[in-house]
Every structure is written in structure tokens, then in C-alpha cells.
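Me: I would like to learn how to read a few features of a model. Can you take me through them?

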Amino acid sequence: MNLDPQEVKPSITRLKRARGQIDAVIRMLEAGEECESAITQLAAAAKAIDRAGYSIIATGLKQCYREEGADGIDAEKMEKLFLSLS
């Protein structure tokens with residue numbers, strides 16, 4: 001299944017923000033800055049990535065349901081995707 005880029009736009013935005021936070025963490029570590037700030041940014045990036053993943057899966061489920069109905073959704077495959085984020 002291919003996702004519509006417009007439907008996952010919030011996830012794309014969230015991932016771009018996370019990329020910026022990760023870049024900031026790398027700069028902090030390279031500059032020898034305080035570890036508390038780096039860890040705070042790293043935690044925020046990790047949370048953003050997790051939320052984007054769940055949002056993408058939810059969007060995929062909605063799309064499958066619309067296109068194929070409840071019987072067309074591969075429950076095992078969706079479960080594996082969810083568990084891969086944990």
C-alpha cells in the first residue's frame with residue numbers, strides 16, 4: 001500500500017523537526033556542551049519519531065479500511081508494525 005503524501009504530511013513535518021533536534025544533539029556533543037541539554041533534545045527527537053511512526057501506521061489502517069474494508073486488513077502485519085515501534 002502506498003500512502004498519500006498529503007495524509008502523512010504531519011508525520012513528515014514531525015520527522016523533519018526530529019532531524020533538526022538530532023542535528024542539534026550532534027553539534028552539542030561535538031562542542032562539548034552540557035549533557036542535560038543534549039539528552040533533553042535527544043528525548044524529544046525520540047518521542048517525535050515514535051509519534052510519527054504510530055501516525056503513519058494509523059493512516060495506513062484508515063486507508064486500508066476505506067479501500068478494502070475491515071476484512072482486507074492484515075491484522076498480523078499491522079501488529080508487527082506496531083510492535084516494531086516498541
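Me: What should I know before reading?

Reply: This is a predicted model, where local features need pLDDT of at least 70, side-chain atom pairs count only at pLDDT 80 or more, and totals for chains, interfaces and linings use all residues. Residues are numbered from 1 along each chain as its sequence is written, and side-chain values use heavy atoms, with hydrogens and water left out.

Me: How many helices and strands are there in the protein chain?

Reply: Helices (H or I, at least four residues) and strands (E, at least two) are DSSP runs, numbered from the N terminus. Here the chain has three helices and zero strands. Its pattern along the sequence is α-α-α.

Me: Which residues make the nonpolar surface patch?

Reply: Nonpolar side chains (Val, Leu, Ile, Met, Phe, Trp, Tyr) are joined within 5 Å, like charges within 9 Å. Areas come from the Shrake-Rupley method with a 1.4 Å probe; for residues, only the protein chains shown count as cover. In this case Leu15, Ile22, Ile26, Ile39, Leu42 and Ile49 form a patch of about 470 Å². Helices α1 (9–31) and α2 (35–68) each supply at least two of its residues.

Me: Is Val8 buried or exposed?

Reply: Buried means under 20% relative accessible area, exposed over 50%, partly exposed in between (1.4 Å probe, protein chains only). Val8, at 10%, is buried. Ile26, at 40%, is partly exposed.

Me: What is Val8 in contact with?

Reply: Contact means heavy atoms within 4.5 Å. Leaving aside neighbours within four places in sequence, Val8 touches Leu3, Ile56 and Thr59.

Notes. Patches are made of residues with over 30% relative accessible area and no salt bridge: like charges are joined within 9 Å, nonpolar side chains (Val, Leu, Ile, Met, Phe, Trp, Tyr) within 5 Å. A salt bridge is a side-chain nitrogen of Lys or Arg within 4 Å of a carboxyl oxygen of Asp or Glu.
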